[in-house]
Amino acid sequence: MAAAMKKRVGFIGSGQMAEALAKGLIDKHIITGDMISCSDPSPARKELFKGFGASPYESNLDVVKNSDVIFIAVKPQYVSVVLNEVRPALTENHTIVSIAAGVTVESLVNAAGPDAHVVRVMPNTPCLVGETAAAMCLGGKADAEDERIVRQMFEAVGKIYTVDEKLLAAVTGLSGSGPAYVFLMIEALADGGVRAGLPRDIAQALAAQTVLGSAKMVLDTGKHPGALKDMVTSPGGTTIAGVHELERSGVRAAFMNAVVSATNRANELSKM
């Protein structure tokens, strides 16, 4: 099947998130493997990318020269170093996508140059299973075409929304850190099942599937979560007894506080 996008894609940094994106783009026929180039300090990571048709390079400059869309997928402290290194090879035809947490658009543009087309993206780890919840903001000379390209790519591995950069800290606090909150919730539900007598494997499977199905109901029906909750809670029944315990323990406030606390920390880190 022919690729849906004619853009060549490069990954500077070929870790798990880059791998998930590359595989998603190939699996959804957005691009073919031979349209991907990559670099990474680890020979094993480059060999892995080579396995699905990508061209690995020793030099970051070579990745830029062989790409139209460049993902900066290195640790945050190395982003400016990498962009300064490749800046001589960047042109107005390149779309630069940073997935490094906490690195501002201003920092990206300062390193890549004032004419750079920069898109800052905050994905999350479910990208690894094709279900990311991501947000992006545009910077530098990035325009609607850059936004369209990035949206098409990330929709191969989940959902992405465009927000003002000032809201990316809140995105970090909610969806960026959110998987950890949900994993904690699944673990707690499974522990409850074990306490009630279920075998561990069955309790964990039921808890995870319950979260998956409930999330799908919210997304597919478009109904408010409160309305869906009310559909399950019959008068004087088991569910309202359980919900009462959750409310008495302050679970709702705890989740809200977790998002706000993580958001505040994201703001602090972006200023360091």
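A pocket is here an open set of grid points with protein on both sides within 12 Å along at least five of seven lines, and its lining residues are those with an atom within 4 Å of such a point. In this predicted model, the second largest pocket is lined by 28 residues, among which Ala73, Val74, Lys75, Pro76 and Ile99 lie nearest its centre. The volume of this second largest pocket is about 620 Å³. Its lining residues divide into 15 nonpolar, 9 polar and 4 charged, and helix α1, which covers residues 16–27, gives the most to this lining, with 3 residues. Rolling a probe the size of a water molecule over the atoms shows where empty space is left.

The protein chain as a whole has 272 residues, of which 39% are buried, and it contains 12 helices and 8 strands. Along its principal axes, the C-alpha trace spans about 70 × 40 × 30 Å. The chain exposes about 14,900 Å², and carbon and sulfur atoms supply 59% of this area.

The 8 strands form an open sheet with mixed pairing, in the order β3-β2-β1-β4-β5-β6-β7-β8. The edge strands of this sheet are β3 (55–56) and β8 (158–162), each of which pairs on one side only. Strands of a sheet pair through backbone hydrogen bonds, either parallel or antiparallel. Strand β4 (residues 69–72) and strand β5 provide an example of the parallel sense, with 4 bridges between them. Within this pairing, valine 69 stands opposite threonine 95 in β5, and isoleucine 70 has isoleucine 96 of β5 as its bridge partner.

In a regular strand the side chains alternate between the two faces of the sheet. Strand β5 (residues 95–98) is covered on both faces, with Thr95 and Val97 buried on one side and Ile96 and Ser98 buried on the other.

Valine 69, which is found in strand β4, counts as buried because its relative accessible area is 0%, whereas the cut-off for a buried residue is under 20%. Its contacts, leaving aside neighbours within four places in sequence, are with Lys7, Arg8, Val9, Gly10, Thr95, Val97, Ile149 and Met153. Although valine 69 and lysine 7 are 62 residues apart along the chain, their C-alpha atoms are separated by 6.8 Å. Serine 37 is found in strand β2 (residues 36–39), and serine 37 is likewise counted as buried because its relative accessibility is 2%. When residues up to four places away in sequence are not counted, serine 37 touches Val9, Gly10, Phe11, Ser55, Tyr57, Val63, Asn66 and Ser67.

Buried residues are also found in the helices. In helix α7, which runs over residues 168–176, the residues Leu168, Ala169, Val171, Thr172, Gly173 and Ser175 are buried.

Methods: Residues are numbered from 1 along each chain as its sequence is written. This is a predicted model: local features need pLDDT of at least 70, side-chain atom pairs count only at pLDDT 80 or more; totals for chains, interfaces and linings use all residues. Side-chain values use heavy atoms; hydrogens and water are left out. On a 1 Å grid over the protein atoms alone, a cavity is a set of points where a 1.4 Å probe fits but cannot get out, and a pocket is an open set with protein on both sides within 12 Å along at least five of seven lines; lining residues have an atom within 4 Å of a point. Grid points are joined across faces, edges and corners, and a volume is the space filled by probe spheres set on the points. Helices (H or I, at least four residues) and strands (E, at least two) are DSSP runs, numbered from the N terminus. Ala, Val, Leu, Ile, Met, Phe, Trp, Tyr, Cys and Pro count as nonpolar, Asp, Glu, Lys and Arg as charged, and the others, Gly among them, as polar. Buried means under 20% relative accessible area, exposed over 50%, partly exposed in between (1.4 Å probe, protein chains only). Accessible areas come from the Shrake-Rupley method with a 1.4 Å probe; for residues, only the protein chains shown count as cover. Two strands pair if DSSP finds at least two bridges between them. Contact means heavy atoms within 4.5 Å.
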